[in-house]
Amino acid sequence: LFDRLEEQKSDSLLQLIALCNADPRAEKIDVGVGVYRDAAGGTPILRAVKEAEKILLETQDTKSYLGSQGDARFVELIKPIVFGEAAAADDRIVGVQTPGGCGALRLGAELIVKANRAARIFVGQPTWPNHAPLIECAGVEMVAHPYYDRDTQTITFDAMMDALEGANAGDLILLHGSCHNPTGADLAPDQWRTIAELVARRGLVPFVDLAYQGLGNGLEQDAEGTRLVVEAAEQALVAQSCDKNFGIYRERTGCLFVKASDARGAGVVMGNLLGLARTMWSMPPDHGAAAVRIVLDDADLRRDWRAELDEMCARIRAIRARLAAADPRLAYIDRQNGMFSMLPLSKEQVLALRDDHGIYMADSARINIVGLSDESVDRFARAVVEKMDG
Ligand code: PLP
Ligand code: TYF
């Protein structure tokens, strides 16, 4: 049976972890995979999460099944963080807990196919390399459109809008809610408004991937674009992740929210989400969502989480400013958001930086900003600029 299988390419982002670990050079720099790193280079567990885990250990009295929706209180607490307090009671929006943002993307894609096999999803280029496997594998046709020009470091908004004019009512647009991966180039508020207007006028369905809320310009600000398009659209999907903004990556914690035309339709959507979850993971893993629920349900822990999230956000902004100040050609980095930016380097230059300096970034020249420290940022900038000069 298995002799028929073909070799598969491994996930090149995750492969970078092993490559960098194997490099014996003390001065190596890891700006590869997208996890938050503090000034000392570590990815510690957030204080509030650690506290919530202690509470969980002491008070959890059963590990019996919760059902396919997962932790309903967790979903209820995340809803206003994503959509705002006013939308918390909107009964057109339903949500289920998923195994991370990846699970939410996959579940959303399955729902789309189940609802309409002919629906297509428009996806800006470049995008996160996992979008295609998660969405196309479910059977949704992806239509690529321009988004970002690496040479000018700008969003090619006119070309994007021209392409979206080709979408039919009921087609989807995949949007990065904030902290665009891999470019760091987020839509400006007026661009979000233009897209919201198009969505409303043409009956398009936004599918927002919100994996980094709070790591760009703050928790509220990072949700503004998402709220605009969801408000404007009759129907929408949001794949949310807590894995970055609660630092619980391996706990696989997120939600899929779906806005239907009315409350009755939302009930039908919910039934379909539960049915589809049953075909894939039956029920989501509990631990991360339980810890997040405890944090958000406790005023002190919630405040401390916000404070630590804001510290992480500030560190990202500070390193962006340092890189931007190092060379005029890197100035654009300070206008971008989140953990990622792309450098104007070819794959050959990326590999040469790896060999010459032990600098590990994705082949696409995407860097994780927080892989840099006060000590390494100038050294990194010098090596990059030298390579840009040829
Ligand atoms: N979407 C984007 C753009 C991401 O970068 C990630 C990161 O992993 C995810 C979704 C999924 O996150 P999770 O680890 O919660 O599955
Ligand atoms: O883009 C990144 O680096 C993060 C982490 O299969 C990641 O989103 C990378 C690859 C992957 C899952 C998560």
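**Figure 1. Helix α2 against helix α11.** Helix α2 (residues 47–59) packs with helix α11 (residues 299–326) at an angle of about 145 degrees, the two axes being 8 Å apart, where axes are lines fitted to C-alpha atoms over the stretch in contact and angles run from 0 to 180 degrees between N-to-C directions. Helices here are DSSP runs of H or I with at least four residues, strands are runs of E with at least two, and both are numbered from the N terminus. Arg47, Ala48, Glu51 and Ala52 of α2 meet Leu301, Asp304, Trp305 and Glu308 of α11, contact requiring C-beta atoms, placed from the backbone, to lie within 7 Å.

This is a predicted model, in which local features need pLDDT of at least 70 and side-chain atom pairs count only at pLDDT 80 or more, while totals for chains, interfaces and linings use all residues. Residues are numbered from 1 along each chain as its sequence is written, and chains are lettered from A and ligands numbered from 1 in the order in which they are written.

**Figure 2. The surroundings of ligand 1.** Among the residues around ligand 1 are Cys102, Trp128, Asn181, Asp209, Asp243 and Tyr249, a residue being near when its C-beta atom, placed from the backbone, lies within 6 Å of the molecule. Helix α4 (residues 100–115) gives the most to this shell, with three residues.

Figure 3. The chain has 13 helices and 13 strands. The UniProt record, an unreviewed entry, places "domain: Aminotransferase class I/classII large" at residues 27–383, in the numbering used here, with the feature name shortened and annotations that may be inferred rather than shown by experiment. Over residues 27–383 the chain is 43% helix and 16% strand, with the end C-alpha atoms 13 Å apart.

How values were computed. Two residues are in contact if their C-beta atoms, placed from the backbone, lie within 7 Å.
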